[in-house]
Structures are given as C-alpha cells and as structure tokens.
Amino acid sequence: MKVIGIVGLIGTGKDTAADYIAEKYGYHIISFRDLVKEVTEKEGLEPNRENLQMTGKKYREKYGKDYFSRLAVEKARSFEKSILKEMRTKEDVELPKNVFGKSMTVINIEAEKTLRFERLRKRARLGDPKSMEEFESQENREIELGYTKAVDFAGITIQNNSTFGDLYKRVDEVMKDIGR
C-alpha cells in the first residue's frame, strides 16, 4: 500500500498535483474538503469556505480532532494507492502517518503569495477571495484555526511558481523517489 498526503496553503496547486499523480500513476484521491463538504451539506449549509471551516471545527470539537482523518483512513484502506489531499491540521496528518507508517509520504506544495491569490481569483470557486485583503483575511483565519499545521509534517516540498509543465516535472521527480 502507498499513501501520499498533499498539503499546502490555499492556492498552491494541491489539486493540480493530486490530479496529475492520480491520472499518471493510478492513485485514488481522497479529499478532506469533500469529507467536510458532505457533512456541511448534511447540516443544510451552503458549502462555502466559511461554512466548511465552521463545520470542520464543530465536528472536530464534537467527535475528536482526528474525526476527518478517521474517515479518510477508512476510505484509503480500500485502495492500493491513495492520495489524501487538503489535510490542514496536525491531527489530519498524525493519524494517517501512524496507521500507514513508512508507506505514507507527505508532500508540501508551495507557491508565492501573489501567485496563489491570482490562481484563486481565476478559478473562482465558491468562497474564493476577490481581493488581496480578502485573501489575506482567509489565510489568517486558516492560521488561527490551525489549518496550516499539516505542512509541518511534509518530508518533501515542491515549489510551484511556474508552469503546469514545471510542476509536473517536479512531481515526476518526487514520484521516482517514492517508487524506490
């Protein structure tokens, strides 16, 4: 079994890296965002960034900080190769690392702040910031909620400040190392 955790701040390209790995290397994606989104929608709330953060916090407080990790680990056990993406908190990473041990690699995707903002502005997902001030406010809120702690567990960092082709090349280099 192989498990890759993909972490990073908002707008770094986590989805792009995960999608590339899944398509090229046959990994199944398990999205923490989707797990939180399912719960948010069951609560009858619109799945925007604020409601996702609020719901995630609520369920972690009620059922344990590793609530979403438990769901993700259970799903990952069904696949030979899995990607856990959008892990935010230290608990999001700790449980899978303990369960999967050396079979798990955590990759941090990094990008410059202004580039991250531009990417979010262009993708225009529900709740994405429309101004740099809104972007900084969202990022500060994620820091306050502990939603940036997962990056501390990364054993590998990929810089994503250029083209898709450059990101894919860097991912391929990492995948060669993981395959050994």
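1. A quick word on terms first: contact here means heavy atoms within 4.5 Å. With its neighbours within four places in sequence left aside, Phe68 is in contact with Phe32, Leu35, Val36, Val39, Gly56, Tyr59 and Arg60.

2. Please keep in mind that this is a predicted model, in which local features need pLDDT of at least 70 and side-chain atom pairs count only at pLDDT 80 or more, while totals for chains, interfaces and linings use all residues. Residues are numbered from 1 along each chain as its sequence is written, and side-chain values use heavy atoms, with hydrogens and water left out.

3. Of its 21 residues, Phe68, Leu84, Met87 and Met104 touch the most other members. H4 provides the largest share of this core, five residues. A second, separate core has 17 residues, including Ile21, Ile158, Leu167 and Val174.

4. Now the aromatic rings: those of Phe, Tyr and Trp (its six-membered ring) pair if their centres lie within 6.5 Å, and planes under 30 degrees apart count as stacked, over 60 as edge-to-face and the rest as tilted. The structure has seven such pairs. One of them, Tyr59 with Tyr67, is tilted, at 5.7 Å centre to centre and 40 degrees between the planes. Ring pairs also join Tyr59, Tyr63, Tyr67 and Phe68 into a cluster.

5. Are Tyr59 and Tyr67 buried or exposed? Buried means under 20% relative accessible area, exposed over 50% and partly exposed in between (1.4 Å probe, protein chains only). Tyr59 counts as buried because its relative accessibility is 14%, and Tyr67 is buried at 18%.

6. On to the pockets. On a 1 Å grid over the protein atoms alone, a pocket is an open set of points where a 1.4 Å probe fits, with protein on both sides within 12 Å along at least five of seven lines; lining residues have an atom within 4 Å of a point. A volume is the space filled by probe spheres set on the points. The largest pocket has a volume of about 740 Å³. Its lining has 33 residues, with Gly11, Asp15, Leu120, Arg123 and Arg125 nearest the centre. H6 gives the largest share of that lining, six residues.

7. The second largest pocket holds about 230 Å³ of space. Among the residues that line this pocket are Lys57, Arg60, Glu61 and Tyr147. H3 gives the most to the lining, with three residues.

How values were computed: Helix = DSSP H or I, 4+ residues; strand = E, 2+ residues; numbered from the N terminus. Core = buried A, V, L, I, M, F, W, Y, C linked by side-chain atoms within 4.5 Å.
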